[in-house]
Every structure is written in structure tokens, then in C-alpha cells.
Amino acid sequence: MRSHIREFDSSTLNESVQNTIMRDLKAVGKKFMHVLYPRKSNTLLRDWDLWGPLILCVTLALMLQRSSIDSEKDGGPQFAEVFVIVWFGAVTITLNSKLLGGNISFFQSLCVLGYCILPLTVAMLVCRLVLLAEPGPINFMVRLFVVIVMFAWSIVASTAFLADSQPPNRKALAIYPVFLFYFVISWMILTFTPQ
Amino acid sequence: MAAADELAFHEFEEASNLLAETPDAATASGSDQLTPQGHVAVVVDSGGSYGAEEEAEESDRTALLQEEKQQPGFWTFGYYQSFFDVDTSQVLDRIRGSLLPRPGHNFVRHHLRNRPDLYGPFWICATLAFVLAVTGNLTLVLAQRRDPSIHYSPQFHKVTVAGVTIYCYVWLVPLALWGFLRWRKGVRERMGPYTFLETVCVYGYSLFVFIPTVVLWLIPVPWLQWLFGALALALSAATLVFTLWPVVREDTRLVAAVLLSTVVLLHALLAVGCKFYFFRPLPLEHLAPPLQASSLPPKLLLPPTPRAKAT
């Protein structure tokens, strides 16, 4: 409590770099925990930050890169495509929910949508590990199961945070684009085949 | 007052529709009977979320007055918010209306009720673009399992193509149609043309029926695919035609016929184009060679396999 007050009193310019980084990392880690165990809480909304979404998006885009240079037209999504889909998708969903009359701020919504990609990033990691084994129907079934579970987790997590900010008779209209967004990301993860 | 005119005009449309359905009703006494009925019908339908009829009348009036008072400029956020002023039940009702077109049941007047929204068209187009890309990819996966010589790849660029095509269609074709109808406005006395947003709305909602059709196109039976496609095209084009018919029927027959057939033709072109681009029929000897060969990636141009395609 005392150190908390001291932080607000003195400017944070004088603290060491390690302090700054650790503080931000702790905040990001705390929000990751909130996403993994979603309960109705205001932490994601109150202290929003965009570091977590950036880290997750870059990780996901890097993992979705194909290892060999395939022909341009036939390839999987490139880094830029994944990046654009995630960020423009999040911006579009945020605009949509604000236009429908939701009372959430722009960056809070971006923050929630970005953090709720965490389960799908975990799914991507698992899929890459599973793909190291021999290909076959069991391989595909395992990946399908993991992706479906993580997809459901993402939707539940983001709904827990976002649903309350919508007017009651438009909740489904605001949640459906979130569903579409995570569905597209799950599809990209599921169809990933390293060459 | 524009609002009162609009309300009176609306009543007349309802009354004329009721008249059309019951041709035996005498116009002289029938119109007296029908106008209050029509008025009540309007209030009950649009005031479904309000409750009692007296409250509905008053709130209808105050709502219209408010709409008249605030017209925010197009640079403000509130202007765009007015296009997303729909509830879940309204969107579902409009989707149902586009799936079940009935002659004389004008989509714009009966379902939109002069309150077009942009939510429906935008998200239906987005869903359709992604569903097209995903199911096209799935067809390739299923085809590869039957015939391992086909090279599978995610083909992610198809999402971009699908998105651009569908959004251009839903914006440019209504723009052309709206422009044309306004140009011919002088010929019509009775019914004004639809606003641009209403046209976009009709086109957007009419594309909804293609979403389940595209999913059903996964079934690898060619004649079934063409059947589903024709069915979806019929429903979708019917929605458009029944909506446009009251507007063009006072025009000369030639113009009306040309306009309606152009609308249906463009719609059919979209459906067939999507079918051929995203669901390349396999084996490949059935394709029209010159048109498809230029756009096919070289890996897919394999010699036809000797065994017959398993259905």
C-alpha cells in the first residue's frame, strides 16, 4: 500500500528499467491468468493495456509462417495477413459494438479481444508439437479437438468480459462477430501444415 | 410535414396490399374500414416491442418527431449509429423475410419499414466471404483424401478474393440500381424510389440464403450442388424481384423487363462465379479449359486419374 502511494507520488521516470519492465510484465501476466480462468471481473477492462495482445499476435503470426517458401498464391497466411486479420478484425468488432450502443471504450474492447486470443495461441503451440509426430487421422483428430476446446474457451472468456457492456436486446448481435473472428483464427490454426 | 406524409404513405401501401389480397372488398366503404385496420396493423407490427396500442401510437409519433429533430452530420459518430439501430429480433425477422419471399410482400416496406440497417448486410457479407473460403478449402481437403495426388494447400488468398468480390457486389450494384431508378424517377408518379441504403439492405439480406447453400456444396454430388445453387438463386432473386416490382411496374414494359432481367443475371453471375472459383469440380476433365486454366495454380493441372471419381 505504501509503495503504491509512493508510485503515484513520484514520477516513474526515475525508477530503474528493470522495475518498469517487471511492473508491466506482472500486469500482463495477471491478465493472462484472468483470461485462463474467466470470471466476471473488471481487471481487463479497468487497467487495459495492449502489450499482451501485441505479444500474442506476433507469436501467433510467427508460428503460422510456413517454413519453406511456397508459391505465393497457394500458401498459408503470411505474417502480414495474420497481423492484419487480428488487428483489423478486433477494430471492426469494437466499432460494431460501439455502433450498436455498447458502453465500452475503444481500447478496452481491443484489450479484451486481444487477450482472449491466448487460448488459441496455446492451441497453436500444441498443434505444432503434435505435427512433429507422424501425420494421420489420429493426428488430425487430436488437433481438431484441441482447437475446438480452445475456441470455445476464447468465446467464453471474451463473452464474460464483453457481454455486460451491451444493451440487453442486442447482445447476440454484438457477440456474433466475436464468434466469427475466433472461428477464422481457429481455421487458420487448424489448416496449418508445415512443409 | 415529411414525417406525416411518410406515415400516411405507409398506410396507403398497407391498405393497397390488403386490397390486392381481397379483391372483393368494395373500395368505397372498404377503404374506410381498411384504413384504420391498416393503421392498427402498422402500429402493432412496428410497436411490437412497446406494448399497449395507445402507448405505441404515442411513442411512434414522438419517435418520428425525434428522428426529424436530430439529423447529425455525416462526420459525427451518431450519424453512423443510426444505421445500427436494430435489435436481435429485428435482424432475425429481416433474415426470415429474405428467406421466404412472397409475391406482393415487399421486403423494404414490410421488413425494413423505412429503417434500413447496415449491420445485416455488412456481417452477412463477411460471413459469406469466410464461409466460401473455408468450404472451398474443405472441398480440397476432402478431394485430396479421395485422390492423394492432388496437392493440398490452405489457399489463403481466396479469403481476400471472396471478401473483395462480395463487398463490391453489395455496394456497387445497388449504387448503379439506385442511380438508374432515380434517373427514371420522372416516369413514376405514385411510388418514389428506394433510398440507397434500403437498396444495399435488400441486396445484403438477399445474400443470406447463400450461406447454408455454400455449406451444402460440400456434398460432392454435382447435380445436387447445381440443384441447391438453383434453389438459392431462385429464392434470392425472388426477394430482389418482388421488392423491385412495385417500383418498376409503372415504367415502360421494356425498361422494367430489362432492369429485372439484368438484376437476376448479375445475381446468377455471382453465384456461378463463386461456384466455379471456390469449388473447382474434380476430376478436372470436366472443366472448361481456357477460362479455368489461366487461373488454376500449376500444381492442380494433373492428368485425369484412370479410376472414376468416387461419389
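Tutor: Let us begin with a term: two rings of Phe, Tyr or Trp (its six-membered ring) form an aromatic pair if their centres lie within 6.5 Å. Please keep in mind that this is a predicted model.

Student: How many aromatic pairs are there over all chains?

Tutor: Searching the whole structure gives 21 of them over all chains. One is formed by Phe122(B) and Tyr167(B), whose ring centres are 5.5 Å apart with 50 degrees between the planes, so the pair counts as tilted.

Student: Where in chain B do Phe122(B) and Tyr167(B) lie?

Tutor: Phe122(B) belongs to helix H7, residues 119-146, and Tyr167(B) to helix H8, residues 157-183.

Student: Why does Phe122(B) count as partly exposed?

Tutor: Its relative accessible area is 32%, and partly exposed covers values between the 20% limit for buried and the 50% limit for exposed. Tyr167(B) is also partly exposed, because its relative accessibility is 22%.

Student: Which residues do ring pairs link into a cluster in chain A?

Tutor: The cluster consists of Phe151(A), Tyr176(A), Phe179(A) and Phe183(A).

Student: Now to charges over rings. Which ring does the charged end of Lys158(B) sit over?

Tutor: The ring of Tyr277(B), with 5.1 Å to its centre. Another case is Lys275(B), which lies over the face of Trp217(B), 5.8 Å from the ring centre.

Student: Let us change topic. How many residues are in contact between chain B and chain A?

Tutor: On the chain B side there are 28, and they are in contact with 32 residues of chain A. The two chains bury about 2700 Å² between them, and 63% of that area is on carbon and sulfur atoms. Of the area that chain B buries against chain A, 24% is supplied by Tyr119(B), Trp123(B) and Phe156(B), more than by any other three residues.

Student: How many salt bridges are there between chain B and chain A?

Tutor: The count is two. Arg170(A) forms a salt bridge with Asp85(B), and their closest N and O atoms are 2.7 Å apart. Polar contacts across the interface of chain B and chain A join nine residue pairs.

Student: Which elements give two or more residues to the side of chain B that touches chain A?

Tutor: They are helix H4 (77-81), helix H5 (88-99) and H7 of chain B. H7(B) gives the largest share, nine residues.

Student: I would also like to look at Asp49(A). Where is Asp49(A) found?

Tutor: Asp49(A) is in a loop of chain A, between helix H3 (43-46) and helix H4 (51-63).

Student: Is Asp49(A) buried or exposed?

Tutor: Asp49(A) is buried, because its relative accessible area of 12% falls under 20%.

Student: What does the side chain of Asp49(A) make a polar contact with?

Tutor: One partner is the side chain of Tyr115(A), at 3.1 Å. The side chain of Lys31(A) is joined to Asp49(A) by a polar contact of 2.6 Å. Leaving aside neighbours within four places in sequence, Asp49(A) is in contact with Val28(A), Lys31(A), Cys111(A) and Tyr115(A).

Student: And in chain B, where is Asp93(B) found?

Tutor: Asp93(B) is in helix H5 of chain B and is partly exposed, at 30% relative accessibility. Between Asp93(B) and Val241(B) the C-alpha to C-alpha distance is 19 Å, while in sequence they are 148 residues apart.

Methods. Residues are numbered from 1 along each chain as its sequence is written. Chains are lettered from A and ligands numbered from 1 in the order in which they are written. This is a predicted model: local features need pLDDT of at least 70, side-chain atom pairs count only at pLDDT 80 or more; totals for chains, interfaces and linings use all residues. Side-chain values use heavy atoms; hydrogens and water are left out. Rings of Phe, Tyr and Trp (its six-membered ring) pair if their centres lie within 6.5 Å; planes under 30 degrees apart count as stacked, over 60 as edge-to-face and the rest as tilted. Helices (H or I, at least four residues) and strands (E, at least two) are DSSP runs, numbered from the N terminus. Buried means under 20% relative accessible area, exposed over 50%, partly exposed in between (1.4 Å probe, protein chains only). A charge sits over a ring if NZ of Lys or CZ of Arg is within 6 Å of the ring centre and within 35 degrees of the ring normal. Contact means heavy atoms within 4.5 Å. Buried area is the accessible area (1.4 Å probe) that two parts lose on being put together, summed over both. A salt bridge is a side-chain nitrogen of Lys or Arg within 4 Å of a carboxyl oxygen of Asp or Glu. A polar contact is a pair of N or O atoms within 3.5 Å; within protein, one must be able to donate a hydrogen and the other to accept it, and residues adjacent in sequence count only if both atoms are side-chain atoms.
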